[in-house]
Amino acid sequence: MQKIDTRGPRPHSDNAPRLFGTDGVRATAGRYPLDPPTVRRIGAALVRALPNGTDSARLLVGRDTRESGTWIEAELAHGAAGEGATVTTAGVVPTPAVAYLTRTAGYDAGVVISASHNPFEDNGIKVFSGRGEKFTERVEREIEAIVADTAWSAKSGEAAAVHRTHAVDAYLDHLRAVFPGAGRLKGVSLAIDCAHGATTTVAPQLFESLGCDTLVIGKEPDGRNINLNCGSTHPEALARTVVGHGCHLGVAFDGDGDRAIFVDHRGEIVNGDAVLLMCGGQLRREGRLKGNAVVATVMSNIGLEIALRDLGVRLVRCAVGDKYVMEEMIKSGLSLGGEQSGHIIFSDYLFTGDGLCTALNVLRTMVLTSRTLADLASDLTSYPQVLLNVRVREKVDVNTVPAVAAAIAQVESRVQGQGRLLVRYSGTEPLLRVMLEGRHADEIRNWAQEIVDVVKEHLG
C-alpha cells in the first residue's frame, strides 16, 4: 500500500539557520549544532522530511571511531524513533558501506556519524537517500527548515543504545566483485593506512581475502587518534612504510573511508587526479566510460584535462565537494568522477566516494595493464599553479568592471588550451582569489599578478 503523508505542508524557509555544509553537518562535538538537543532534533526532522512520511520509516546508521560517535548516534536515533522510525546501527563501518547497505537492504535513509578527515574533537552527520545517494541541497534545506520550526518538539527522555545489525559482509562481497579472481593479486605487497578510523573494521580482511600481502598501520583506534598524523591527509608515515618494507604500493584512507590517497613504490604521493586519469583510461579501453567523459572539480589540475583530452575524453568540471561530483554524474549519466583529494566515484558500483572501491580499481588497472603505480601516475603532467588573494571593498561582478574584465580576458587568451584561469570570491572573507595554471611557474605568476594589480586599483 502506498504511504500517504497527512502532515500537511512542510515548513520551508530560506532564513532557517544553515546546518549542512558541502559534506553534511559538521562541528565540534557537544557544541551547536552537534549538541545533544539539536542532534536529537535533526534525527526527528530527517524522518519528517522523508518523502513517504514517518509511517514505519527504517533508518540505518554507521559511524567512525571518534569517542563522540556513540552518544551522537544514540541522540539522533532517539529523535528519529520519536517520529515512528525504526533505527538500526551497523556500528563502525566506512561511509560507503552505509550508502550501499541503505540502498540494497531497503532502508528509507542512511546516516553516517563522522567528520571525515577532521580531528577527533569534531564530528558530523551525513545523510543518504534510500537510493544510496547523498541528500540534495533541496532536501537539506528542508530539514533545516523543519529543525528551525518551533511548532513541534523532539521526543523527550533518555537516549538508549541502538539495535545493532551485522550486515557489513554484504558490502565486502559487493567490493570483491570489482576484482573477481582473488589469485590475480597474489604476491602484491600492499601497505594500508586506516587512519585509526572506520576502515580498520574492513580493509585488512578485504585485501587479504583477495590475495594481497598486507602491512597495516593506523589500525589501533582509541577514540581520539583518528587522522592523527596518519591517513589520507598525512600520508608521510605510509610513504616511509612502503619504502622501508619494499611494498609495491600503499593506500591511505581518511577517517570514514570515503577517500583514498596512494603512494607508489618510491614513496611518491599519487593523488585523485592521477587516479581519475589511469582509471578513466582503463574504463575507456573496456568500453565502460559512459559519455566518454570524467567529472572533476574546479580544483583538479589542468594537466588532467589535457591528458584526458589526448585520450579523446572530455573533462566536466563542477564545484568543490563530492556531492556536486555525484550530482553532475547523475545529471549527465557518467560513470567516473572525483576530486584531487581522493574522493572518487565509480557509479557502476556506488554513487558516493569509496576509498576501498578506488583502491581495488587502481589495483585492477595495474594488473590489466601490467604497469606499476608509478608508471601509470607518470602519464599525468601536473602543471604549475599559482594562487593569489587580493582584498576588496565589496564583492561586485568582475565582468562589470571594464579594466578588470579586460585583464582577465587577456590572461585567458594567453593560457587558452594550455592552462586555466579561475577567478572567484572567497565565501567567508572579502577576498578575490586568482588561481592560474600553466606550463611555466614564473610566467603564470606574472600574469596572475597583472590581474591582482588591476583589481587593487579598481576594487581594493
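Predicted model: local features only at pLDDT ≥ 70, side-chain atom pairs only at ≥ 80, totals over all residues.
Residues are numbered from 1 along each chain as its sequence is written, and side-chain values use heavy atoms, with hydrogens and water left out. Helices (H or I, at least four residues) and strands (E, at least two) are DSSP runs numbered from the N terminus, and two strands pair if DSSP finds at least two bridges between them.

- Strand 19, residues 431–437, is mostly covered, with seven of its seven residues buried, where buried means under 20% relative accessible area with a 1.4 Å probe, counting protein chains only.
- One side of strand 19 carries Leu431, Arg433, Met435 and Glu437 and the other Leu432, Val434 and Leu436, and all of these are buried.
- Strand 17 (residues 385–391) runs antiparallel to strand 19 and is joined to it by seven bridges, with Leu388 having Val434 as its bridge partner.
- Strand 18 (residues 420–425) also pairs with strand 19 in the antiparallel sense, over six bridges, and Arg420 stands opposite Glu437.

- Seven strands form an open sheet in the order 1-2-6-5-3-4-7, with mixed pairing.
- The edge strands, each pairing on one side only, are strand 1 (20–21) and strand 7 (163–164).
- Strand 1 and strand 2 (residues 24–28) run antiparallel and are joined by two bridges, and Phe20 has Val25 as its bridge partner in strand 2.

Definitions and conventions
Buried < 20%, exposed > 50% of the residue type's maximum accessible area, 1.4 Å probe, protein only.
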